[in-house]
Amino acid sequence: IPKSPLLFCPVSKAGLARLYQRFQALDRDDKGYLNRYDLEGIGELAVNPIGDRIINAFFPDGGEEADFRSFARVLAHFRPVEAPGKPEDINSHLSKLKFAFQLYDQDKDGKISRAEMLQVLRMMVGLQVTNDQLENITDRTIQEADRDGDNAISFEEFAKSVEKLNIERKMSLRILK
C-alpha cells in the first residue's frame, strides 16, 4: 500500500488498504492509474447529476490519468468529519465548502456566474422544469446569495448561503462498496 496521500486527513491503515483495493478494482486494466471511464464505474458518481464535474476534479490540470494519490486526495473531501479538526484538513467543513464551490465555478475565476449556476441547475433538474422556470430559479438564487451586487456568487457568499445545510452529510460517497 502506498504511503498515505491524505495529507491532513487521518485515516487508518485498514481504511487506506480498503481505499487502495477499491482503486485497484476500478483499475480494470491494471494500468496503475484511473481514467474517466474507470471512474464512471463508481455507482454514486454515475447517478449523480454533477458526477461529471466530480470526475473532472480527479483531473485538475486537464490530464487523463489519476494515480492513487490523486484518487485518494479527491475522495478525502467526501470522508466524514469524525472529530473537530483543523481548517486545513482536507475533509474539514471549510475544505468541503471550497470543493463544492469549485464544482460550480468551472472557469475558476472565484465567482459563480449566472451561466455557471444555470448549467449546474440544468444538470440537477434535467427536463423537469422549463427553461423559463430554470432561468427564474437561477436569477432568484443569485439574487438571494449575492450580497455585494455583482450578479455573481463569491466563495464567501456561497458559504453563507449554504451554512444551514449539513455539508458533511451531503458530501459523502460510499466508495468502498
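The model is a predicted one.

The chain comprises 10 helices and two strands. Read from the N terminus, the order of these elements is α-α-α-α-α-α-β-α-α-β-α-α. Of the 177 residues in the chain, 40% are buried. Among contacts with a separation of 6 or more, 55% link residues 24 or more positions apart.

An unreviewed UniProt entry annotates residues 92-127 and 133-168 as "domain: EF-hand". In the model, residues 92-127 are 67% helix and 6% strand, with a distance of 34 Å between the C-alpha atoms at the two ends of this stretch.

The second largest pocket has a volume of about 410 Å³. Its lining consists of 17 residues, and those nearest the pocket centre are Asn56, Ala57, Pro60, Gln102 and Lys108. At least two lining residues come from each of helix H4 (51-57), helix H5 (68-76) and helix H6 (93-104). The largest contribution to the lining of this pocket is that of H6, which provides four residues. Classified by residue type, the lining of the second largest pocket contains eight nonpolar, five polar and four charged residues.

Terms used
Residues numbered from 1 in each chain as written. Predicted model: local features only at pLDDT ≥ 70, side-chain atom pairs only at ≥ 80, totals over all residues. Heavy atoms only, no water. Buried < 20%, exposed > 50% of the residue type's maximum accessible area, 1.4 Å probe, protein only. Contact = heavy atoms within 4.5 Å. UniProt positions renumbered as here; feature names shortened; annotations may be inferred. 1 Å grid on protein atoms, 1.4 Å probe; cavity = no way out; pocket = protein on both sides within 12 Å on 5 of 7 lines; lining within 4 Å. Points joined across faces, edges and corners; volume = space filled by probe spheres on them. Nonpolar A, V, L, I, M, F, W, Y, C, P; charged D, E, K, R; others polar.
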